[in-house]
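Colleague: Could you take a close look at one part of this model for me and walk me through it slowly?

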Amino acid sequence: MHAVSLIVGAPALTLSVEIVPLLADNYGYLLSDLATGAVAVVDPAEAGPLLDRIRARGGRLDWILLTHHHGDHVAGTAELVAATGAKVAGAAADAHRLPPLDRRLVEGDRLELGRASARILATPGHTTGHIAYLFEATVDLFCADTLFVMGCGRLIEGDAPTMWASLEKLAALPPGTKVWCGHEYTLANARFALSVDPDNEALRTRARLVERLRAEDRPTVPSTIAEERATNPFLRARDPMIRRRLGLEAATDPEVFAALRRAKDGFRG
Ligand code: ZN
Ligand code: FE
């Protein structure tokens, strides 16, 4: 499970992304800037499987990039720091409840990984301090529990308008942006999506594809922003068919989003 992003005409700008399944359904990511060999991990839910991969590559770990404070995204941090001496980056807003941070990040900051560089996006809603990392040169987005494949995170600390604004920010990224999210929830998300958007041909086709991928135990990441705009109901609050189905033709976009999120919370498909 290995992907290398290449920018045509700029061979120095390369970022490899390795998917590392963690716990029951979390995804950790091992990033490497191929120009310099700099390595980062995104969201170490547990250290063991990541350390195995890091040691197999020679033991280098420069950065641990945290998206939010939940245990299933940070619990392996201390062990990785102790084993590798890596530095830790996370949201300044959540410094009091994240592992000790070497970099406190806010919207618009840049974090350098060798010659690669991530722009920080504040994406509150799932938690108040949630951030995403966007590697712009290779359009790789690490958005954890804000945007999932055909789904979005629960509103644990934020309200619907806050989460809707975060999702709109991600939906406005270039269509080819690769979406590397925090969990493999795609099958359940697809079933809910079909229940509110059953006539969406792109969604029906994609649901069949992810059934096949999961039957073979293959990951459904990365997605793309274009695929999410076409099939993720939580980015489609403007869609007339979804609005009609919910009886919300005249509602605002955040109101439609809120109704979708409530329906998903109660969905037992
Ligand atoms: Zn979470
Ligand atoms: Fe999570």
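**The paired metal site**

Modeller: Happy to! Histidine 68 is buried, because its relative accessible area is 1% (buried means under 20%, exposed over 50%, partly exposed in between, with a 1.4 Å probe and protein chains only). This is a predicted model, in which local features need pLDDT of at least 70 and side-chain atom pairs pLDDT 80 or more, while totals for chains, interfaces and linings use all residues. Residues count from 1 along each chain as written, chains are lettered from A and ligands numbered from 1 in written order, and side-chain values use heavy atoms, without hydrogens and water.

His68 (NE2) coordinates the zinc ion (ligand 1) together with His70 (ND1), His126 (NE2) and Asp145 (OD), at 2.2 to 2.3 Å. Donors here are N, O and S atoms within 2.8 Å of the metal (3.2 Å for Na, K and Ca); water is not among the atoms, so sites may look incomplete. The zinc ion's four donor atoms subtend angles of 87 to 177°, so the arrangement is irregular. That word covers anything but four donors with all angles between 85 and 135 degrees (tetrahedral), or four (square planar) or six (octahedral) with opposite donors over 155 degrees apart and all others between 65 and 115.

Now the neighbour: the iron ion (ligand 2) is held by Asp72 (OD), His73 (NE2), Asp145 (OD) and His183 (NE2), at 2.1 to 2.3 Å. Its four donor atoms make angles of 82 to 169°, again an irregular site. Histidine 73 and histidine 183 are both buried. Aspartate 145 bridges the iron and zinc ions, which lie 3.1 Å apart.
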